[in-house]
Amino acid sequence: MDNKETSPIPGAENPTIFTGLKLGTVKTSAAGTPAVLHALQHVFGEAGLFRGLKALGKLNQKGGFDCPSCAWPDPDDERSGIAEYCENGAKAVADEATAKKLTPEFFAQHAVDELAGLTDFEIGRKGRIAQPMYLPKGATHYQPITWDAAFEKIAATLNKLDSPNEAIFYTSGRTSNEAAFLYQLFVRAYGTNNLPDCSNMCHESSGVALGESLGIGKGSVKLEDLYEAEVIMILGQNPGTNHPRMLTALQKAKANGALIISINPLPEAGLMGFNNPQQLKGLLNIGTPLTDVFLPVKINGDMALLQALEKLLLQAEEQEPGTVLDHAFIEANTLGYAELRQHLQQQNMDELVQACGIDLVQLQETATLLKNKKKIIACWAMGLTQHKNAVDTIKEVVNLLLLKGSIGKKGAGTCPVRGHSNVQGDRTMGIYEQPSARFLKSISDNFGFTPPQAHGWDVVDAIKAMHNGQGKVFFAMGGNFLSATPDTQYTAAALSKCLLTVHVSTKLNRSHLVHGEEALILPCLGRSDKDTQHGEDQFVSCENSMGVVQSSKGILAPVSDELLSEPAIVCRLAKATLGDRSTVNWDKYLEHYDHIRDDIEKTIPGFEQYNERVRIPGGFYLPNCNREGNFDTASRKAQFNIASPALLVLGKEELLMMTIRSHDQFNTTIYGLDDRYRGIYQERRVIMMNQGDMTARGLNKGDVVDLFNYHDGVERAAHQFIVVPYAIPAGCTATYFPEANVLVPINSVADKSNTPTSKHVVILVKKSKAAHA
Ligand SMILES: Nc1nc2c(c(=O)[nH]1)N[C@H]1C(S)=C(S)[C@@H](COP(=O)(O)OP(=O)(O)OC[C@H]3O[C@@H](n4cnc5c(=O)[nH]c(N)nc54)[C@H](O)[C@@H]3O)O[C@H]1N2
Ligand SMILES: Nc1nc2c(c(=O)[nH]1)N[C@H]1C(S)=C(S)[C@@H](COP(=O)(O)OP(=O)(O)OC[C@H]3O[C@@H](n4cnc5c(=O)[nH]c(N)nc54)[C@H](O)[C@@H]3O)O[C@H]1N2
Ligand SMILES: [Mo]
């Protein structure tokens with residue numbers, strides 16, 4: 001670690017100002033009329049009545065555009081006539097569809113430092129970026145630049161590097177298949193595999209675990225499987241806020257008899273109950289209870305909890321042989337059962353109970369419920385993936401499913417619920433720092449150049465490389481790298497050392513304001529914007545969390561004539577950078593996006609007749625070996641995994657912190673200051689604490705505290721957070737991302753996936769000397 005000597009970079013973090021905390025009641029169910037009203041208020045406030053209604057009318061409709069919010073799939077058959085959207089999808093659309101724009105005058109009036117002094121909430125409300133902007137070396141203000149000059153500048157900088165491996169090309173997960181494919185093609189033609197993406201911070205652990213255990217790094221269930229499941233387990237996920245349309249599916253599953261088991265340190269409103277706004281009962285705010293069994297696990301207690309359940313199931317099987325486990329499935333499809341059984345027998349039940357924080361009686365009741373069930377689906381998100389042992393924990397989820405034969409049959413399987421709307425598609429398109437030899441061969445067969453073979457940097461390695469001077473140019477296709485990544489001050493120092501930082505963006509964010517020697521902002525069309533090339537309206541395509549590829553066609557008039565589509569930006573940058581060296585005909589792609597899809601079809605398996613099938617309303621499923629009952633591992637079998645829960649001994653004063661999303665944000669985009677379901681209003685600088693932990697530290701509700709982390713002997717401090725007592729297990733705390741990212745150590749990552757441990761940060765809480773909130 002070399003960040004001891006770096007002094008804090010101004011504007012890297014949100015300013016420590018309070019906005020006026022109000023505490024209300026914690027909700028016990030999600031959605032219903034207030035959610036719809038809340039959503040419409042947002043859309044009309046930001047986008048205006050006409051743009052707002054027009055956009056919502058086409059959201060997630062067949063032939064419309066794909067919601068830019070989460071990756072939850074659309075129903076294959078019936079879609080709601082009103083609009084297949086949710087409150088938070090509507091907020092995402094409103095945020096993008098806003099008619100407000102940032103003119104050159106705006107940038108002339110406001111210095112970069114001044115903008116960096118605002119909160120993320122204030123920065124995001126400024127509006128859409130309306131023309132390319134350039135920050136010369138040493139300048140205090142961004143100034144307009146033409147597209148041609150911008151591309152030439154980037155090209156000149158890239159071409160003067162000693163090696164293409166000194167450049168880093170990040171991707172966030174909103175980029176379409178078409179743009180992502182061209183982007184990775186350009187980056188590899190330029191000569192590097194440095195393609196970190198948001199997935200490295202998100203579901204990378206799921207991809208690694210599922211790939212190793214089951215032979216495919218994606219989930220196996222389709223939406224209709226949820227309707228046939230006997231049990232749905234939801235681990236480390238808050239669907240009421242982050243995947244609200246999932247609640248409709250859970251409601252239907254429940255009506256068909258499914259039991260829902262929720263495993264989460266917090267009793268999240270959306271897990272507990274749901275008022276479906278599209279049904280009369282929901283409009284009247286009459287809710288359906290969702291969760292049958294709620295297990296308030298300690299942070300990172302999941303592996304212990306799962307092993308305790310598996311141990312109890314093994315015991316039940318011994319008592320009534322042949323009734324609990326699916327021996328035929330285990331025999332035919334798996335490796336390592338005997339070893340797992342032995343390993344579980346050796347685990348001490350008291351220690352497992354202690355580690356997960358759930359008492360034995362509740363675990364026994366849960367095991368009894370699972371005993372005779374044959375169709376189990378496990379859903380999970382960041383509560384499992386962002387831990388040091390995340391890969392092993394997810395493999396433990398797989399162990400449980402395999403014991404029950406719950407993979408490769410209807411109503412059963414794995415369901416990692418993805419985040420960004422096309423994060424899964426971006427990976428399918430080759431946005432990956434560790435491309436397979438097969439993928440690279442396909443590129444060289446189809447495009448007449450040899451792509452670099454050496455693997456590149458992921459997010460954490462890219463940050464370290466910029467920090468130590470090896471990474472010199474940072475280019476981002478979307479996202480907000482500084483605020484999304486761990487160890488904010490370390491990352492800010494890393495970005496500041498670059499020669500050039502470039503962001504292809506829709507909205508202004510902090511990563512534009514903490515920059516390299518020179519910086520560029522390239523404004524692009526968003527999902528809802530109409531994209532016209534050569535006089536014809538184009539559509540793009542995205543892959544959702546369940547592997548369905550669908551078209552997405554924007555409909556709103558762009559806020560400025562100067563916006564380019566992401567494919568156009570890539571093609572023009574590629575031409576400027578590669579010039580005569582290029583073996584790819586970049587102009588062809590912009591004549592019509594069908595040409596991009598033709599080349600995707602040639603290069604990537606599963607896209608046969610892409611142009612035809614993507615035009616079928618509802619799209620098409622990509623192949624998935626697990627669904628067909630196959631396991632594409634080396635042994636052609638599913639692999640049981642042997643691991644032990646981590647033994648973490650906290651110091652006397654130490655607490656564990658998870659960084660989570662409020663109800664009013666999409667990652668680093670802050671829509672508002674409320675976390676309605678958790679009863680926390682008008683404030684984001686809060687720390688949710690167990691009352692016992694507060695009492696032990698002499699803390700009261702409303703006290704202001706400073707938070708510290710000392711990983712690797714470096715002091716990381718997040719100042720001024722207000723204490724909120726909350727129903728959270730002892731020893732555990734929660735703060736919001738990105739305000740608390742400054743505390744997530746760059747070197748604290750998941751084994752194998754290198755994902756920052758954003759849900760597992762050891763902290764000390766000390767009363768702040770600052771004034772009472
Ligand atoms: N509106 C909205 N939608 C979004 C997003 C957004 O910010 N806003 N973000 C999108 C993205 S990119 C993603 S990846 C997803 C994120 O979706 P989620 O993963 O649901 O998001 P988080 O808020 O990170 O919540 C994680 C949940 O895990 C729980 N948790 C934390 N630690 C543990 C643990 O150790 N064990 C268990 N069992 N649970 C734990 C927390 O209490 C919380 O309920 O949502 C996507 N959709
Ligand atoms: N502490 C902590 N850190 C985390 C997490 C956590 O739970 N805790 N979660 C992690 C996760 S799961 C993720 S996915 C990452 C998210 O990391 P990112 O994907 O990097 O972050 P976002 O906030 O989603 O990016 C928002 C920005 O994207 C731009 N944008 C929006 N739409 C478009 C578009 O259509 N095209 C282009 N080019 N730009 C667009 C806008 O300028 C906006 O400011 O953060 C990670 N960081
Ligand atoms: Mo994510």
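Guide: One definition before we start: the domain bounds used here come from an automatic or database domain assignment. Also bear in mind that this is a predicted model.

Visitor: Which helix gives the largest share of the lining of the largest pocket?

Guide: That's α9, with five residues. Helices α9 (204-214), α22 (423-428) and α23 (437-447) each put at least two residues into this lining. Sorted by class, the lining holds 16 polar, twelve nonpolar and ten charged residues.

Visitor: Why does the largest pocket count as lying between domain 2 and domain 3?

Guide: Look at who supplies the lining. Domain 2 (101-200 + 422-621) and domain 3 (204-416) both contribute residues to it, so the largest pocket lies between them.

Visitor: And what is the volume of the second largest pocket?

Guide: About 580 Å³. There are 22 residues in its lining, with Q354, A355, A646, L647 and L648 nearest the centre. Helix α18 (residues 349-356) brings the largest share, four residues. By class, the lining of this second largest pocket splits into 13 nonpolar, seven polar and two charged residues.

Visitor: Which domains each supply at least three residues to the lining of the second largest pocket?

Guide: Domain 1 (22-28 + 652-772) and domain 3 (204-416).

Visitor: On to ligand 2. How many residues are around it, and which come nearest?

Guide: Ligand 2 has 29 residues around it, and the nearest are Y170, S172, A484, E566 and T668. The shell is made up of 14 polar, ten nonpolar and five charged residues.

Visitor: Which side chain has an N or O atom 2.8 Å from an oxygen atom of ligand 2?

Guide: H420. Another oxygen contact, at 3.0 Å, goes to an N or O atom in the side chain of K759. On the nitrogen side, a nitrogen atom of ligand 2 sits 3.0 Å from a side-chain N or O atom of R174. As for burial, ligand 2 taken alone exposes 930 Å², and the protein buries 96% of that.

Methods:
Residues numbered from 1 in each chain as written. Chains lettered and ligands numbered in written order. Predicted model: local features only at pLDDT ≥ 70, side-chain atom pairs only at ≥ 80, totals over all residues. Heavy atoms only, no water. Near = heavy atom within 4 Å. Polar contact = N/O pair within 3.5 Å; in protein donor to acceptor, adjacent residues only side chain to side chain. Areas by Shrake-Rupley, 256 points an atom, 1.4 Å probe, with all protein chains shown as cover. Nonpolar A, V, L, I, M, F, W, Y, C, P; charged D, E, K, R; others polar. 1 Å grid on protein atoms, 1.4 Å probe; cavity = no way out; pocket = protein on both sides within 12 Å on 5 of 7 lines; lining within 4 Å. Points joined across faces, edges and corners; volume = space filled by probe spheres on them.
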